[in-house]
Each structure stands twice: as C-alpha cells, then as structure tokens.
Amino acid sequence: MSQFPVLTYLLLFMAGTAAGSFLNVVVCRYRTGQSIIRPASRCPYCSEKLAPRDLIPLFSIIVLKGRCRFCNKGLPLRYPLFELISAGVFLYCYHFFGLGPLFVRYVVFLSLLLVVSGIDIDNHIIPNRYVAALFLWTLGWYFILLYPPLESALLGLMTGGGLFYVIAVLSKGGIGGGDIKLMAVLGFEAGWPYVLVVFMLAFLLGAAVGVALLVCKKKQRKEPLAFAPFMSVSFFISIFWGMDIWEWYISFLF
Ligand SMILES: [Zn+2]
C-alpha cells in the first residue's frame with residue numbers, strides 16, 4: 001500500500017468520513033436513548049426515512065446541497081463537521097504513525113473522544129462508560145506495547161485528575177466530576193510531563209472560546225461551557241506536538 005501513498009490517503013479519508021458519520025449517530029442517539037444500530041436514520045426535521053444514497057458521508061450532503069431531500073430543510077452543520085474531523089484524525093494518525101499499532105491505538109482513542117465531546121456539548125454530561133472505555137483501551141495498550149513506562153502514565157493520571165479536582169473545589173462547580181475523570185484518563189494516556197501540556201492548552205482554549213462567546217453574546221456568563229471538547233483538542237495537539245511544546249515551555253523557564 002505504501003507504493004501508492006495518494007491511494008492510501010484517499011482510502012483513509014473515506015474510512016474517516018464513514019467513521020465520523022457513525023460517531024455522529026452515536027452522539028445524536030445518546031440524547032434520544034435509541035439504539036445505535038436501529039432504527040434506520042431519519043431526517044431530524046421531517047422524520048422521513050433516509051435511503052442509503054442519502055447517507056454517503058460528505059458526498060450526499062454535497063449532492064443535496066446540505067438539505068433534506070424530502071422537506072428541504074438545511075441539515076445540521078455537525079454532520080459534515082464530524083465527518084471531516086474524523087477524516088482529519090485518520091489522516092493525521094497515518095501521517096505520524098503509519099498503519100501500525102499506534103495508528104489503531106490513537107484512532108480509536110480519538111474517535112471515542114470525539115463522541116464524548118459531542119455528548120458533552122449536547123447534554124453537559126460526560127458518561128462514565130465512555131471514560132471507562134478510554135481508560136481500559138489505554139491500559140490494554142500499556143500491556144501490549146509495554147511503552148511508555150507505566151510510572152509516567154500513573155503520574156499523568158494523578159496529576160491530571162488532581163489538578164482538575166483542585167480546580168473543581170476552588171471553582172465550586174465550574175468543573176464537574178466527569179471532567180475530573182476525563183482529565184485523569186487523558187493524563188494517563190499522555191503521561192508525564194505531557195499531561196501538563198494538555199492541562200494548560202485546555203484552559204487556554206477554554207478561556208479563549210469562553211471570552212469569544214461572551215463577546216459575541218452567544219452565551220450568558222452563568223451558562224456552563226462543555227469542557228470535554230477543549231480537553232480533547234488539547235490532547236490531540238499534545239500527541240503530535242506535546243514534546244515540542246514542552247521543550248519550548250521549558251526553554252522559557254531556564
Ligand atoms: Zn427532512
């Protein structure tokens with residue numbers, strides 16, 4: 001496959017959009033409590049059953065110009081967005097890791113994070129079972145690869161969870177229990193010292209977006225901001241550039 005890099009990228013892009021389409025269904029059906037497999041997908045507005053030709057990732061939404069074939073209402077921007085983000089994850093992981101164990105490890109982990117972020121945005125909750133799945137997935141890989149050292153992961157877990165716990169206590173509910181658990185698991189996966197990169201980036205991003213939303217009057221001051229997306233983006237950045245950011249940061253201190 002490596003002799004045809006363009007073909008590999010194209011196939012992974014398509015696989016990524018298909019995965020993103022499925023992940024979006026998982027997020028949408030968390031709220032409605034429906035099964036992921038059945039019933040068939042329907043238009044969120046007119047409830048018409050969608051045919052397979054309406055469900056081809058990205059392609060269908062472009063052909064239909066982003067509108068439902070039956071009621072002509074504009075489909076949520078989230079559908080193509082999820083497909084594009086997921087495709088980006090597939091391509092980036094391939095670019096950095098090739099098609100090996102690390103590709104599988106990070107594609108699955110980041111896909112789960114995408115679902116958690118979507119659910120947090122919709123429902124302001126981070127379900128325990130997803131946090132547990134992320135933890136078990138990472139733990140499994142430590143036993144398979146025996147790398148990085150488990151001490152670094154455990155220190156990351158305690159630092160991530162501990163820092164968020166302190167902030168939760170100080171902010172009196174600004175950060176929920178789900179956030180603390182998720183940050184602990186991200187610290188476990190990122191390890192020491194990269195947990196600090198995830199932590200700092202998440203707060204910088206959260207603060208920047210929070211202020212931007214306030215300025216644009218999209219949110220009231222009291223409305224909580226779902227924090228999982230910021231943690232997820234920061235974790236994504238830290239996988240690929242954590243070392244660079246950490247060295248850059250250290251160069252300021254010494
Ligand atoms: Zn419709």
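## Domains and their contact

Two residues are in contact if their C-beta atoms, placed from the backbone, lie within 7 Å. The structure described here is a predicted model. Its domain assignment gives domain 1, residues 1-98, and domain 2, residues 100-254. Between the C-alpha centres of domain 1 and domain 2 the distance is 25 Å.

By the contact criterion, 16 residues of domain 1 meet 14 residues of domain 2. On the side of domain 1 that touches domain 2, helices α1 and α3 each supply at least two residues. The largest share of that side comes from α3, with 9 residues. Sorted by type, the residues of this side of domain 1 are 13 nonpolar, 2 polar and 1 charged.

## The largest nonpolar core

The largest nonpolar core holds 55 residues, and among these L182, V198 and M231 touch the most other members. At least two residues of this core are supplied by each of α1 (5-32), α3 (78-97), α4 (101-123), α5, α6, α7, α8 and α9 (228-253). Helix α4 gives the most to this core, 9 residues. Both domains take part: domain 1 (1-98) and domain 2 (100-254) each provide at least three residues of this core.

Which residues is V198 in contact with, leaving aside its neighbours within four places in sequence? They are L186, A190, M231, S234, F235 and S238.

## Helix α6

Helix α6 covers residues 150-171, which is 22 residues. At 1.5 Å a residue the helix should span 32 Å, and its end C-alpha atoms are 31 Å apart, so the two values agree. After α6 comes K172, whose phi is positive, near 50°.

The buried residues in α6 are A153, G156, L157, T159, G160, G161 and F164. These buried residues pack against three helices: α5 (128-145), α7 (177-190) and α8 (194-215).

## V211 in helix α8

V211 is found in helix α8. Is V211 buried or exposed? V211 counts as exposed, because it has 10 C-beta neighbours inside 10 Å, and the cut-off for an exposed residue is 12 or fewer.

V211 and G66 are separated by 145 residues in sequence. In space, the C-alpha to C-alpha distance between V211 and G66 is 30 Å.

Methods:
Residues are numbered from 1 along each chain as its sequence is written. This is a predicted model: local features need pLDDT of at least 70, side-chain atom pairs count only at pLDDT 80 or more; totals for chains, interfaces and linings use all residues. Helices (H or I, at least four residues) and strands (E, at least two) are DSSP runs, numbered from the N terminus. The expected span of a helix is 1.5 Å times one less than its number of residues. A residue is buried if 20 or more other C-beta atoms lie within 10 Å of its own, exposed if 12 or fewer, and partly exposed in between; C-beta atoms are placed from the backbone. A nonpolar core is a set of buried Ala, Val, Leu, Ile, Met, Phe, Trp, Tyr and Cys residues joined through C-beta atoms within 7 Å. Domain bounds come from an automatic or database domain assignment. Ala, Val, Leu, Ile, Met, Phe, Trp, Tyr, Cys and Pro count as nonpolar, Asp, Glu, Lys and Arg as charged, and the others, Gly among them, as polar.
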